[in-house]
Amino acid sequence: MSAVRTTRTVLAAALVAGLAATALAAPAVAAAPPKTGHAATQQALEAAVAAGVPGAVAKARDGKDRWTGTAGERKGNDRYRVGSITKTFVATVLLQLQAEGRLDLDDPVEKWLPGVVSGHGHDGRKITVRQLLNHTSGIYSYTEDPAFQQKTFGPGFLQHRYDTWSPQRLVEVAMAHEPDFAPGTSWNYSNTNFVLAGMVIEKVTGRPYGKAVENRIVKPLKLRATSVPGTDASMPKPHSRAYSKLSEDPGATTVHDVTELNPSLAHAAGEMISDGNDLQTFYRALLKGRLLPKAEMRELTTTLPVSAQHPQFRYGLGIAWQKLSCGKEVWGHGGGIHGSLSEAYATRDGEHSLAANINADWTGDTQSVIEAEFCGTAPKK
């Protein structure tokens, strides 16, 4: 995916957001003395609205301190589509299955999905499940396919917003293209990787991957605002609307309400819905070791560089690591889908956490919200 947010990256990588669309861009923060409390975070939300975002919300916890900030039309208890934050849930389930001896992350994908990863140079015999989770498989991302982009992220969305996409069909879109590189030789963010990861979960458990997420994470952590909607196009209440320009033209002015959509176009790469409280509960529990044994935690947090130009960003198994401008290190993921860009990050000890969302996908700097919360650095004006 492209390293900075443009309209094209929103269209091509709307399931990526934080990592591939904003987090690889240099943080848009001012070199000013740190603010106290959450004042800088509130300023970052207001800056997003000033840039044209209809609404922004953030929730943070630091020890016993809890804070909620909003700007524009977002409300503090809104639920929203979290896009690629789904990937951390999926990776956690696969690591749990490995801990139980039901699979090995070094199994070839072909073992679990025979014949699925093949065509135009793709070969599931040479790709491991681990390489799906850390994006070193080389598998082409189906969201980069031009026809898919036009149908689902461009003007065609309005006609096809309720279409159902099977995971097999999404993989077929990717298999029509050549791989990005030979497995294990480089790094590139591919949404196809996690569609396949979800399919592996289904093969191992015999049930939809979403049921595994619900039974292993959502229910034990009592994440009451979190769901895996499947083909349900509606949004649970409470929620604000979601907006997109559905255009690659940077000068486009027409804004569309894209709240309702069939999230099967994202599947295990980015279909989930949650809110700021639940996302923080999840990442805090994960990083505190409540969901995985120590061995699997080491695997989850073993990271790889994503770009020589941006050494402050690395990627583990469905989880990203950032070193911020003030030197703090945080773990989590960004996520984007039509009209919704989210961030959820926490310190390694799980004590300081943030979850934020804006309800537009063509403007607004979510990376500055992360910098503001963890470093107290005000956004540029």
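What is the handedness of the disulfide of cysteine 326 and cysteine 375, and why? The torsion about its S-S bond is about -70°, so the disulfide is left-handed.

This is a predicted model: local features need pLDDT of at least 70, side-chain atom pairs count only at pLDDT 80 or more, and totals for chains, interfaces and linings use all residues. Residues are numbered from 1 along each chain as its sequence is written, and side-chain values use heavy atoms, without hydrogens and water.

**Stop 1: the disulfide.** Select cysteine 326 and cysteine 375; their sulfurs are 2.0 Å apart. One disulfide (a pair of cysteine sulfur atoms within 2.5 Å) turns up in a search of the whole structure. Cysteine 326 sits in the loop between β11 (320-323) and β12 (329-337), and cysteine 375 in helix α14 (residues 366-375), so the pair ties together parts 49 residues apart in sequence. Helices (H or I, at least four residues) and strands (E, at least two) are DSSP runs, numbered from the N terminus.

**Stop 2: a helix pair.** Select α4 (residues 86-99) and α12 (residues 276-287). Their axes come within 12 Å and cross at roughly 35°. Axes are lines fitted to C-alpha atoms, for helices over the stretch in contact, with angles from 0 to 180 degrees between N-to-C directions. Now show Thr88, Phe89 and Thr92 of α4 with Leu279, Phe282, Tyr283 and Leu286 of α12. These residues make the contact (heavy atoms within 4.5 Å). By class, the contact has five nonpolar, two polar and no charged residues; Ala, Val, Leu, Ile, Met, Phe, Trp, Tyr, Cys and Pro count as nonpolar, Asp, Glu, Lys and Arg as charged, and the others, Gly among them, as polar.
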